[in-house]
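Visitor: Can you walk me through this model? I'll ask as I go.
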Amino acid sequence: MDAAGNAHEFTVSELSSALKRSIEDQFGNVRLRGEISGWKVPASGHAYFALKDDAALIDAVMWKGQRARLNFRPEDGMEVVTTGRLTTYPGRSKYQIVVESLELAGEGALLAMIERRKAMLAAEGLFAAERKRPIPWLPELIGVVTSPTGAVIRDILHRLGDRFPRDVLVWPVKVQGDGAAEDVAAAIRGFNAMSRRPDVIIVARGGGSIEDLMAFNEEIVVRAAAASEIPLISAVGHETDTTLIDFASDRRAPTPTAAAELAVPVRAELVAGISSFAARLDRCIAKTVEVRSERTRLWSARLPTPTAILGMKTQRLDDVGERLPRALRAGLQQWQGRYAQAAEPLRAAMRSRIAEARHDLAGAATRLRPTLLTGLVQRATDRAASSGRLLESLSPLAILSRGYAVVTRPDGSLVKRADEARREARLGLRFGDSADPVEVVVGGGGTKPRKSAPQGDTPLQAKLL
């Protein structure tokens with residue numbers, strides 16, 4: 001409004017720009033203390049939230065680059081102190097603070113947040129004593145989750161080398177700042193997913209402030225440690241530092257060096273112990289042998305000698321050996337007498353049976369008449385003569401004697417058909433008055449027949465040799 005009381009006319013954009021310049025010029029950089037509300041990080045990586053107290057609320061934005069420098073994870077309800085520039089957002093007609101740095105309002109607030117998280121996770125049973133597993137006595141492979149450039153990994157390797165050298169697999173991670181908690185949790189899960197898994201995992205970090213160690217108070221790290229199937233040793237900070245991963249791990253070590261001492265025994269002590277056990281074993285064996293030998297000598301002194309044990313038996317054996325031949329002869333004579341006594345009735349019975357058989361045989365010979373035998377012989381002779389006549393009538397030689405001949409091949413096989421005879425160069429003709437066949441040549445220069453032969457019947461011409 002001017003001096004005359006007239007209102008100034010602006011466009012919306014002009015007014016927004018004027019307000020923006022006015023606010024930024026008047027306030028510049030400011031520090032605000034308040035409680036975080038509605039913290040969210042979209043895919044762009046920028047953080048959007050609000051700062052509030054008992055009576056007011058102001059929107060805030062923190063760009064991705066500034067958020068990456070945070071050493072703790074902001075959460076709703078956390079009291080913080082921000083430093084930034086107050087500006088407007090014309091798109092929604094509101095003012096906001098662009099946060100350039102974000103700090104906890106005090107260590108008490110951070111500890112209160114950690115205690116609330118600890119109580120929540122403990123209520124889920126993640127810190128229960130029955131879930132903790134024993135650390136392997138002598139692991140073959142040790143997995144270490146830590147920064148690859150710090151002094152922690154060198155201290156662990158040096159201590160392992162002094163006590164009992166073992167294979168070590170290092171999973172390099174960030175141990176503070178943005179993304180550190182995700183790196184540590186991913187490393188724990190990665191060791192559990194390997195085909196050759198470590199026998200024990202050490203999660204280690206050097207000392208620092210409570211803000212520096214906040215990555216190991218994050219819920220994602222605590223849950224990964226509690227879910228690990230591999231026994232886990234936490235070694236975060238110095239002896240007085242305590243983080244939530246210490247409650248979820250199977251063993252807590254006050255320092256990374258102490259974690260290496262928990263992971264393996266002292267090799268020299270083991271060798272000395274084994275040597276001591278071996279010496280004790282040798283002494284026990286020697287003492288046992290000595291006691292048993294003395295006991296054996298005492299018992300052997302009480303035992304009778306073999307001569308005393310066997311003397312009576314030997315004498316009895318000799319006595320029995322002398323009486324045995326006499327007993328055998330007496331027994332043999334007794335059995336011979338019994339045999340002679342039992343054989344006499346048997347001989348008489350056999351003689352009677354033989355006499356009866358001879359009498360029966362003589363009677364049968366008398367009854368057998370010669371005429372009966374003569375008749376049997378005559379009938380057999382007649383049957384043989386009849387069979388001979390029949391055989392002679394059926395003989396092929398008898399047929400040949402009536403003018404027939406048998407046609408054979410040179411190998412002696414019979415020729416039964418005319419077409420078979422035409423295929424042969426030589427044939428044999430056997431007549432009834434000779435056992436040897438007459439050889440003939442098939443074909444030759446014979447005269448033509450005076451009469452034509454019937455169709456399909458070709459004459460067989462032969463020439464006697």
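Visitor: Start with Glu 229. Is Glu 229 buried or exposed?
Guide: Exposed, with a relative accessible area of 54%. Buried means under 20% relative accessible area, exposed means over 50%, and partly exposed is in between, using a 1.4 Å probe and protein chains only. Keep in mind that this is a predicted model: local features need pLDDT of at least 70, side-chain atom pairs count only at pLDDT 80 or more, and totals for chains, interfaces and linings use all residues. Residues are numbered from 1 along each chain as its sequence is written, and side-chain values use heavy atoms, with hydrogens and water left out.

Visitor: Where is Glu 229 found?
Guide: In the loop between helix 6 and strand 9. Helices (H or I, at least four residues) and strands (E, at least two) are DSSP runs, numbered from the N terminus.

Visitor: What does Glu 229 touch?
Guide: Arg 133, Asn 192 and Arg 197, leaving out residues up to four places away in sequence. Contact means heavy atoms within 4.5 Å. Asn 192 is one of the buried residues of helix 5.

Visitor: Helix 5, then. Which buried residues does helix 5 have?
Guide: Ala 180, Ala 181, Val 184, Ala 185, Ala 187, Ile 188, Gly 190, Phe 191 and Asn 192. They pack against strand 6, strand 7, strand 8, helix 6 (219-227) and strand 9 (232-236).

Visitor: How far apart are the end C-alpha atoms of helix 5?
Guide: 20 Å, which agrees with the 20 Å that its 14 residues should span at 1.5 Å a residue. The expected span is 1.5 Å times one less than the number of residues.

Visitor: New topic. How many residues has the largest nonpolar core?
Guide: 52. A nonpolar core is a set of buried Ala, Val, Leu, Ile, Met, Phe, Trp, Tyr and Cys residues joined through side-chain atoms within 4.5 Å. Those with the most contacts inside this core are Ile 36, Phe 49, Leu 102, Val 145, Val 184, Val 203 and Phe 216. Helix 5 (residues 180-193) gives the most to this core, with 7 residues. Apart from it lies another core of 19 residues, including Ile 142 and Ala 253.

Visitor: And the sheet? In what order do the 5 strands come?
Guide: 7-6-8-9-10, in an open sheet with parallel pairing. Two strands pair if DSSP finds at least two bridges between them. Strand 7 (167-172) and strand 10 (251-252) stand at the edges with a single partner strand each, so one side of each has no neighbour in the sheet.

Visitor: What about strand 6? How many of its residues are buried?
Guide: 6 of the 6, so strand 6 is largely enclosed by the rest of the structure. Leu 141, Gly 143 and Val 145 cover one side, and Ile 142, Val 144 and Thr 146 the other.

Visitor: Which residues are the bridge partners of Val 145 and Val 144?
Guide: Val 203 in strand 8 partners Val 145. Val 170 in strand 7 partners Val 144. Strand 6 is joined to strand 7 by 6 bridges, and it pairs with strand 8 over 4 bridges.

Visitor: Which helix lies across strand 6?
Guide: Helix 4 (residues 151-163), which also lies across strand 7 and strand 8. Helix 4 runs at about 160 degrees to strand 6. Axes are lines fitted to C-alpha atoms, for helices over the stretch in contact, and angles run from 0 to 180 degrees between N-to-C directions.
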